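Have your viewer open and try each task before reading on.

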Amino acid sequence: MDCLFCKIIAGEIPSTRVYEDEDCILIKDINPQAKIHYLLIPKGHFEDIGDIAHKDPDLLSRCLSKITALADSLGLEGGYRLVTNKGKNGCQSVKHIHIHVLGGEKLSEKMS
Ligand code: AMP
Ligand code: ZN
């Protein structure tokens with residue numbers, strides 16, 4: 001499958017991994033929008049939040065729990081923002097579910 005994040009998960013395209021387990025990887029975003037900007041990427045290929053919520057809600061739940069458990073060790077003790085883009089209006093550019101994890105500084109109060 002021609003999917004950028006599946007290739008990153010397989011190690012075919014390099015990335016900076018800060019965490020990995022059987023469910024997901026956490027990598028640094030190549031174009032950070034905050035001092036800290038990670039992408040949490042479930043290892044299974046699901047197109048977007050709707051796809052994973054429908055087909056494997058337990059995996060989605062575990063991934064979200066991991067972010068909360070890892071936050072302090074990732075430099076996010078001051079808080080963070082989770083974002084997932086879906087579809088054209090959400091400006092999703094990579095069609096493999098990923099959750100943006102933003103923090104390391106006070107973020108804009110505006111969400112867009
Ligand atoms: P989205 O627009 O929500 O689909 O987010 C895709 C994200 O993937 C963007 O924030 C990109 O900067 C990021 N990205 C694209 N290619 C890479 C890569 N090779 N390594 C890390 N992050 C990437
Ligand atoms: Zn994929």
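Helices (H or I, at least four residues) and strands (E, at least two) are DSSP runs, numbered from the N terminus. This is a predicted model, in which local features need pLDDT of at least 70 and side-chain atom pairs pLDDT 80 or more, while totals for chains, interfaces and linings use all residues. Residues are numbered from 1 along each chain as its sequence is written, chains are lettered from A and ligands numbered from 1 in the order in which they are written, and side-chain values use heavy atoms, with hydrogens and water left out.

**Exercise 1. Describe the shell around ligand 1.**

Step 1: Collect the residues that are near the ligand, meaning that one of their heavy atoms lies within 4 Å of it. That gives 16 residues, with Asp29, Asn85, Ser93, His98 and His100 the closest.

Step 2: Sort them by class. Here Ala, Val, Leu, Ile, Met, Phe, Trp, Tyr, Cys and Pro count as nonpolar, Asp, Glu, Lys and Arg as charged, and the others, Gly among them, as polar. The shell then holds 8 nonpolar, 6 polar and 2 charged residues.

Step 3: At least two residues each come from helix H1 (4-10) and strand S2 (24-28), and H1 contributes the most, with 3 residues.

**Exercise 2. Find polar contacts of ligand 1 and its buried share.**

Step 1: Look for pairs of N or O atoms within 3.5 Å. On the backbone side, a polar atom of Ile30 is 3.2 Å from a nitrogen atom of the ligand.

Step 2: Turn to the side chains. An N or O atom of Asn85 sits 2.7 Å from a ligand oxygen, and a polar side-chain atom of His98 is 3.0 Å from an oxygen atom of ligand 1.

Step 3: Ligand 1 taken alone exposes 500 Å², of which the protein buries 83%.

**Exercise 3. Characterise the largest pocket.**

Step 1: Set up the search. On a 1 Å grid over the protein atoms alone, a cavity is a set of points where a 1.4 Å probe fits but cannot get out, and a pocket is an open set with protein on both sides within 12 Å along at least five of seven lines; lining residues have an atom within 4 Å of a point.

Step 2: Inspect the lining. Of its 23 residues, Phe5, Asp29, Ile30, Asn31 and Leu39 lie nearest the centre. H1, S2 and strand S3 (36-42) each give two or more residues, with H1 giving the most, 3 residues. By class, the lining has 10 nonpolar, 11 polar and 2 charged residues.

**Exercise 4. What lines the largest cavity?**

Step 1: Count cavities of 30 Å³ or more: there is 1. The largest cavity has a volume of about 40 Å³.

Step 2: List its lining, which is Leu26, Tyr38, Leu40, Ile67, Leu70, Ala71, Leu74, Leu76 and Val101. These divide into 9 nonpolar, no polar and no charged residues.

Note on methods
A polar contact is a pair of N or O atoms within 3.5 Å; within protein, one must be able to donate a hydrogen and the other to accept it, and residues adjacent in sequence count only if both atoms are side-chain atoms. Accessible areas come from the Shrake-Rupley method with a 1.4 Å probe; for residues, only the protein chains shown count as cover. Grid points are joined across faces, edges and corners, and a volume is the space filled by probe spheres set on the points.
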